[in-house]
Amino acid sequence: MNERSRSHSWRTVNRLSLAVLVGWTLIVVSVLILTLRQEHHHVLKQARAEAVTHLNKDLSFRQWATSHGGVYVVPSATTPPNPYLQHLPDRDVTTNLGQNLTLMNPAYMLREVMERYTETYGVRGHITGLYLLNPNNAPDLWEQEALHAFERGERERMEQTDIDGKPYLRLMRAMIMEKGCLKCHEASGVPEGGIRGGISTAVPLTPYLNSMQHMTRTLVMGHMLFWLAGLVALWFGRQQTLRFLKTQAQTRLALEEREARFKSIFFDSPTALWEEDLSEVKRHLDTHHPDVITITPEIARACAQKVRILSVNQATLTLMKAPDTETLLTSVEPFLDANALKAFGQGLQAFLQGQTRFVTETTQVTLTGEVIWISLSSSLAPGCETDWSKVFVSMNDITQRRQAETQLRDELERNRYLTRALDQDLLRRKQAEEAMRQAKETAERANKAKSEFLAIMSHEIRTPMNVVIGMGDVLLESPLNDEQREYLKKLQDAGSGLMELINQILDLSKIEAGHLRMVEEPVDVGELACEVAGLLRVVAAGKGLTLKCTIAPGLPPRIMADRMRLKQVLFNLLGNAIKFTDSGQVSLSGQRDPERPDELLLMVHDTGIGISAEMSQTIFDPFTQVDSSVTRRHGGTGLGLTISRRIVELMGGRITLESQPDSGSLFRVNLPIHPTEATLPAATPTVLAAGQHPCRALRILLVEDSEDNQLLIRTFLKGTPHALEIVENGEEAVAVVQTQSFDLVFMDVQMPIMDGYTATRLIRAWEQEHHHHPLTIITLTAHALDGEADRSREAGCDLYLSKPIKKQKLLEVIQQFGTTQNPV
């Protein structure tokens, strides 16, 4: 930087410093003025607050005196009898002890208090009006203006004025004629509620103004110091700026020296170096390819023609086999083969993406036509990132290294071929393991989804079925004729059969998991078969079908089998036969198998639609229907035959099918015969007859959100001595248990707001904390899957009952609790 440029820069700094000084001064002065205005407003606000306080005090004194009709005092020189109250007969009175007293009306009392207050504290007070009894209360000019303003509707006036040459803040409020004032001022003619006059107060402003003057001096001094601090900062900034300019000049000189050294190194370097100007390339790309993402060979070649080489060193001439510098400065295009052109395009693409350096390895063609390998580095010069006006390029000959790498790569390829087979074997094994893992995860997800579906289905079906079956029990206890009672029994039997089917459907998950257990007991096969046929006879008759049940002689009276599971199989087979038969008959028969006398053969034969040979191969698979089209006429889940076959197999038997389309179907069930002479256990009903209640009367809490189930339990307990309380969720149950006493709680599980298990845990925790005897809590829920009873016990319940529940079972539980001292 020369002396003229330096002088110009310093003059610029001085002018800028002067402008900042003027601006800083204006800012400080403006802030000071604004602050002084705010302080003045604040002082006046404080004075007004004091004036309001004194005025409120005077108004309170006057209202108190008015409410008492004035006060009687002993007359004195300072308080003589009021001559303006001579018209009052009770102005002067004598006490029983002979003491003379005179009446001070509110104005008289307040005026004397104000005079003494003024002498003591300097705050002036005055009660006045336009209609006066006492001339001493006459208003001054300011008070007269205020009183006239009150007559025009105003109720308060405040103003800063001088009194005896001193500043005061005066505040006056209207005084309303009250009932107590009429005693002395009735002659004034002012009605009750009218403007009687006014009460004023005057606060001396001298202390406030002195305080404001002190604060003004403080603020002026503070802002002046702040202004001086700004001047110091400005001076320091000016010195730093001048120092920066001096440093900048020194830096520029150093850069010039460094550039000279760089040129010396550039031309003498053993590495091939050159400088390029790519500004024309950048403009070309911005104009013709503004949105280009990938530089194609065509774009790269067009750009190569616009490259301008600024300078090259001697090493570049040697590498390119060039006789002189002018030959290389013409164009870079002669050196670009396909690889070099591709590398050039990649370098441009890197610069377009914001990179400032690009490194690669590529081939290059010398001026003699020789192809060599080079390591290429292109870097944008500092400050040229936007216009690409200067790019430094360096090249090193790596032909020998590349040849050595090629030989090594060939050797590695031969070795790699030997291990490829082993890698493929390992890959196949890993793929197989991954496939097995994915299959396992898929199966687990499917099993979880199935379990969730079964749980929901169980709960949603059991809840209404609890009401259907329970209300049936109640109806059976009501007066019915024989025909009605028979129909209702059939309805109850069908409902019970439906619940057994639901339970068996839920058992599908047990069967697939291998957890279903067979419970063997003595079973009369003939009686069981006829019972199933009897349950479905009404359904068959509704379709106009004949349903027969035939048991051949020669069977043992009883065999060992799982009665419930065998009933389920017969119910499924016979129900399917009726469903898929539109005319004709359905039959159920039992006999010894002629070919295997040690086996029981049960056959279900129908004249229905039949099953094709192809469908017969899959009919026992889960969710398989004879007619699976969207227009099928027969419903069903496709689980019945699957469950039946697996149950029969668990009992050691088998199911076979013979059928043809439109010719009916014949299902054969073969079971091993294990005869037994044991007698069937006799039913011992324990339902209490009406009027019999050997157990004590209990207070029972039902926690149930279903109104239908609430009605059902209430109906069950109708006619019993027990008292029933009902709440609709667990949160209400916890609250009522903590405030009332109960003997027994029936707790539903799935409820809004709070479920039954959470409520039970909270009740148990409350009992422990308050040392209460544990309350008997019985789970009564539509959840019936495996593990529900365990979850009930873990939550703290004493007994688990699943819906639907019979009235007999419910009364038995209550009976058991009511006749024992301990919980169930």
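Which residues form a nonpolar patch on the surface? In this predicted model, local features require pLDDT of at least 70 and side-chain atom pairs count only at pLDDT 80 or more, while totals for chains, interfaces and linings use all residues. Residues are numbered from 1 along each chain as its sequence is written, and side-chain values use heavy atoms, with hydrogens and water left out.

The patch consists of Val220, Met224, Leu225 and Leu228, which together have about 340 Å² of accessible area (Shrake-Rupley method, 1.4 Å probe, only the protein chains shown counting as cover for residues). Patch members have over 30% relative accessible area and no salt bridge, nonpolar side chains being joined within 5 Å and like charges within 9 Å; a salt bridge is a Lys or Arg side-chain nitrogen within 4 Å of an Asp or Glu carboxyl oxygen. Leu228 belongs to helix 5 (residues 206-268) and is partly exposed at 37% relative accessibility (buried is under 20%, exposed over 50%, partly exposed in between). Helices (H or I, at least four residues) and strands (E, at least two) are DSSP runs numbered from the N terminus.

Helix 19 (residues 756-770) packs against helix 18 (residues 730-739) at about 20°, the axes lying 9 Å apart. The two helices are therefore roughly parallel (angles under 35 degrees; axes are lines fitted to C-alpha atoms over the stretch in contact, with angles from 0 to 180 degrees between N-to-C directions).

Definitions and conventions: Buried < 20%, exposed > 50% of the residue type's maximum accessible area, 1.4 Å probe, protein only. Parallel < 35°, antiparallel > 145°, perpendicular 65-115°, else oblique.
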